[in-house]
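Try each task before reading its solution.

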Amino acid sequence: MQILHISDTHLGSRRYNRESREEDVYNAFHQLMEIAVREHVKAVIHTGDLFDVYKPSNRALKVFVDETRVLRENGVPFITIPGDHDTPKVREEVYPQRLLGDSLGLIKVLLGDSEKSFYELREDNLSVKIYGIRNMSNVFKERLLQILGSLKPDGDRNVLMLHQGFREMLPYDNAWQLEIGNLPKGFQYYACGHVHSRIENVLPDGSRLVVAGSPEIIREEEIEPWAKKGKGGYLVDLSGKEPLTQPINVDVRPQLVEKVRVDDVDSEIDRLLSKLQGLSSKRKPILHLILEGDSARRAVALKRLSRLEGYVDFYRVYKDETIDVREKVSPPQTQGSVEELMASYLKAQGYNEGEVKLILEAVEKYDSDEALEILRKFAEM
Ligand SMILES: [Mn+2]
């Protein structure tokens with residue numbers, strides 16, 4: 001029995017306020033639905049962040065309803081849990097999934113703490129039970145562990161859907177709620193969302209923990225992993241005791257992060273254009289540029305970059321790392337009065353005499369009415 005595991009589709013996401021970005025996100029979803037039908041999967045499981053926000057636009061809702069029609073026509077259930085993005089931020093609001101599931105019967109939703117704790121898929125004599133828990137924020141950590149501990153998976157094969165941060169993958173403060181060791185036993189496949197890049201883990205008991213990732217590039221950090229591993233979903237065959245997983249890719253609009261030396265912008269543009277010619281995708285790429293070099297050349301370089309138009313979907317300055325090379329950077333002095341030290345430090349930071357004088361004045365008179373007036377003057381400089 002084969003299912004399709006997808007996640008973090010973020011329908012409605014519109015980065016850089018670009019129409020093409022919103023379209024691309026819908027297009028990736030369209031390709032996933034095509035894959036589901038082509039591969040004759042028994043179900044599509046989606047591990048959260050179906051929508052980019054908990055109040056999706058009518059357009060995002062319509063795309064979802066229209067694109068999943070083909071599943072309903074083929075009797076393929078769409079089973080999902082809410083992620084952090086589509087969790088209401090207001091107590092009385094409801095999950096968009098409840099509208100689509102409870103009210104319209106278009107999808108099957110699992111929350112983990114409601115009456116329905118699993119959906120069963122049957123093929124021949126094999127029973128596959130799909131469990132799922134909605135995303136729970138840090139404040140509900142204990143509740144999450146409690147629900148995990150209460151699960152009694154009793155299908156021939158059992159799948160658990162989660163949308164949480166794991167310490168092993170996101171080892172930062174407040175970024176994780178679970179450790180792999182917290183996972184209850186008895187599941188063959190832990191279907192995970194939240195992290196946007198693909199991760200596959202084989203656990204000691206032979207079960208699989210797979211983070212499906214987002215099928216389009218939602219944030220710049222996803223560009224590098226996309227270039228290495230592609231994006232899409234996972235086909236999961238649950239026929240045997242150990243699941244077989246196979247990543248399946250969708251065609252994603254190429255995105256590149258490129259450094260550009262503003263001092264030599266024309267040859268940099270030539271280099272970029274020949275690099276773009278080597279891309280295999282028919283879609284025009286998105287360029288994220290990191291500007292380097294003398295900031296005095298930046299304005300001219302920005303004008304020259306318009307040569308890229310027509311070759312790219314769009315380009316943007318991702319980071320400006322140009323520097324003012326005319327300022328002599330000398331180390332600040334280490335002896336003298338506090339004021340002298342501050343003045344020398346500020347000069348080394350590139351402030352001119354007049355600015356330094358005003359800053360020192362503002363510091364000295366910080367608790368008087370004059371301070372505001374000084375700061376206003378400074379802002380006008
Ligand atoms: Mn997400």
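## Exercise 1: contacts of Asp84

Task: find which residues Asp84 is in contact with, leaving aside its neighbours within four places in sequence.

Solution. Start from the contact rule: two residues are in contact if their C-beta atoms, placed from the backbone, lie within 7 Å. With that rule, Asp84 is in contact with Asn135 and His163. Before going on, note that this is a predicted model, where local features need pLDDT of at least 70, side-chain atom pairs count only at pLDDT 80 or more, and totals for chains, interfaces and linings use all residues. Residues are numbered from 1 along each chain as its sequence is written.

## Exercise 2: burial

Task: decide whether Asp84 is buried or partly exposed, and do likewise for His163, buried or exposed.

Solution. First, take the cut-offs: 20 or more other C-beta atoms within 10 Å of its own make a residue buried, 12 or fewer make it exposed, and counts in between make it partly exposed, with C-beta atoms placed from the backbone. Next, apply them: Asp84 is partly exposed because 17 other C-beta atoms lie within 10 Å. His163 is buried because it has 28 such atoms within 10 Å. Finally, list its partners: not counting residues up to four places away in sequence, His163 touches several residues, including Asp49, Asp84 and His194.

## Exercise 3: the annotated site

Task: name the residues that the UniProt annotation "binding site" covers.

Solution. The unreviewed entry gives Asp49, Asp84, His163 and His194. They are spread over 146 residues of sequence, yet cluster in space, with a largest C-alpha distance of 8.4 Å. UniProt positions follow the numbering used here, feature names are shortened, and annotations may be inferred rather than shown by experiment.
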